[in-house]
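Try each task on your own before you read the solution.

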Amino acid sequence: MSGYRSVVGINAYQFSDLKALLAKATPLRSGDQLANLAASSAEERIAAQMALADVALKEFLYAPLIPYEADEVTRLIFDTHDAEAFAPVSHLTVGEFRDWLLSHQADGATLAKLAPGLMPEHVAAVSKIMREQDLIQVARKIRVVTRFRTTVGLAGTLATRLQPNHPADDPHAITASIIDGLMLESGDAVIGINPATDNPERLIRLLHLIEGIRLRYAIPVQSCVLAHVTTQMEAMRAGAPVDLVFQSIGGTEATNRSFGITLSMLREANEMAHGLKRGTVGQNVMYFETGQGSSLSANAHCGVDQQTCEARAYAVARAFSPMLVNTVVGFIGPEYLYNGKQIRRAALEDHFCGKMLGLPMGCDICYTNHAEADDDDMDAILTMLAAAGVNYIMGVPGADDIMLNYQSTSFHDALFLRRVFNLKPAPEFEAWYDTRRPELLEAMKLLEA
């Protein structure tokens, strides 16, 4: 390509290639400024968005942002692209695609059929020229339903990940947090512990801790201890009760190398977990977490803006039909998303892009203590994501993760959303809760004693 050009007033702007155009068109965020990829002014950003709107969707099929031969994520994107599914929109430009997405023609069933034909670059591009209400309106049309012991993503439901982290992995404290969360109807997406150390013995002890609670109270829920995927495979080989297999992933091969993973490693873990056949209502066994800025923080972005890198990570997730995908939107820090406004925009983009690609998207609505954000920002984000149909959010005791040292959402935040939007937990979990809550009250009394 010879480049892209746009004129705003008396000023003409030239963009060398699709990679540069996507970066300059991205709504302002500190990470792209840090990487020297951002537009130099609001006018240049508008010029880039105007030029991007005129780009044909087909052009992305012939212009990989990272060379095919140099990056296995690029190869995955191109090798799995479904031309037949793409055909209904293949004649559109990015701007026309946006207009079509907002039309009545683009209903949930149509978008579900389209998903295999979309590349991450397609959805990243169109998201850059959409307003926040556009991102909400389109994402709300899409339901992505997954199953293990609970069914997550059904219309009219909102699930939570119960996150009972502790800086010393103290079993008594973790148990108290789990019981507290269960009493407040949290945990139907997963009971997921971030361990303080990536130690196989510690991982196995924590898995047995959750398993003991699950079996004692006959809870229809899945567990996960978020150690490195290789540590979880070691636990599976040792016969540990592994439900969901977790891994952080990125949108470039270099990013995934920085996490110590390859696509073949993820395939092996996926096959191992499927072989255990521990699900009761389904066998979606993978749990992935992502976040804008991860590629830049690893110096592995290959000149691609952070939001497009994030969308490319969803191509990795899509290849494994995961139970859960979670954008940990404000966790990496203000170097990448500076304030509440940037975190909010990123959360809505990530949710939209993931749903467009057919993923069961959740969001850790969060910020670090040195970011220019507060709880009011998080309230706005969680309310907007509920309006957009997010599959699940986090349930952290008091919204304050004392192990990871960041601010997230609490058990009560999920109750607020369910009340305001008339949402319910996963059906299997709701049925259990209605009959077993008195036992949890007794368990909490014993813990307090």
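**Exercise 1: cysteines**

Counting disulfides in this chain gives zero. Keep in mind that the model is a predicted one.

Solution. 
- Step 1: check the surroundings. C363 is buried, with a relative accessibility of 1%, and C366 is buried too, at 0%.

**Exercise 2: salt bridges across the sequence**

Task: the model holds 18 salt bridges. Take the one between R98 and D134 and find which helices it ties together.

Solution. 
- Step 1: get the distance. The closest N and O atoms of R98 and D134 are 2.9 Å apart, and the cut-off is 4 Å.
- Step 2: place the residues. R98 sits in helix α6 (residues 94-101) and D134 in helix α9 (residues 132-140), so this pair joins parts 36 residues apart in sequence.
- Step 3: R98 is partly exposed at 22% relative accessible area, while D134 is buried at 4%.

Now try D188 and R418, whose side chains form a salt bridge at 3.5 Å, N to O. D188 lies in the loop between α10 (171-183) and β6 (190-193), R418 lies in helix α19 (residues 411-421), and 230 residues separate them. Both D188 and R418 are buried.

**Exercise 3: a salt bridge inside one helix**

Task: E253 and R257 meet in a salt bridge (3.3 Å, N to O). About how many helical turns separate them?

Solution. 
- Step 1: count along the helix. E253 and R257 are four residues apart in helix α13 (residues 253-258), so about one helical turn lies between them.
- Step 2: E253 is buried with 18% relative accessible area, whereas R257 is exposed with 53%.

**Exercise 4: groups of charges**

Task: which residues are linked in a network of salt bridges, and which gather in a patch of negative charge on the surface?

Solution. 
- Step 1: the network links R149, E211, R214, D243 and R278.
- Step 2: the negative patch gathers D374, D375, D376 and D379.
- Step 3: zoom in on D374. It lies in the loop between β11 (361-364) and α18 (375-388), and with 36% relative accessibility D374 counts as partly exposed.

Definitions and conventions
Residues numbered from 1 in each chain as written. Predicted model: local features only at pLDDT ≥ 70, side-chain atom pairs only at ≥ 80, totals over all residues. Heavy atoms only, no water. Patch = residues over 30% accessible without salt bridge, like charges linked within 9 Å, V, L, I, M, F, W, Y side chains within 5 Å. Areas by Shrake-Rupley, 256 points an atom, 1.4 Å probe, with all protein chains shown as cover. Lys, Arg positive; Asp, Glu negative; His and termini not counted. Charge placed at Lys NZ, Arg CZ, Asp CG, Glu CD. Helix = DSSP H or I, 4+ residues; strand = E, 2+ residues; numbered from the N terminus. Buried < 20%, exposed > 50% of the residue type's maximum accessible area, 1.4 Å probe, protein only. Disulfide = S-S within 2.5 Å.
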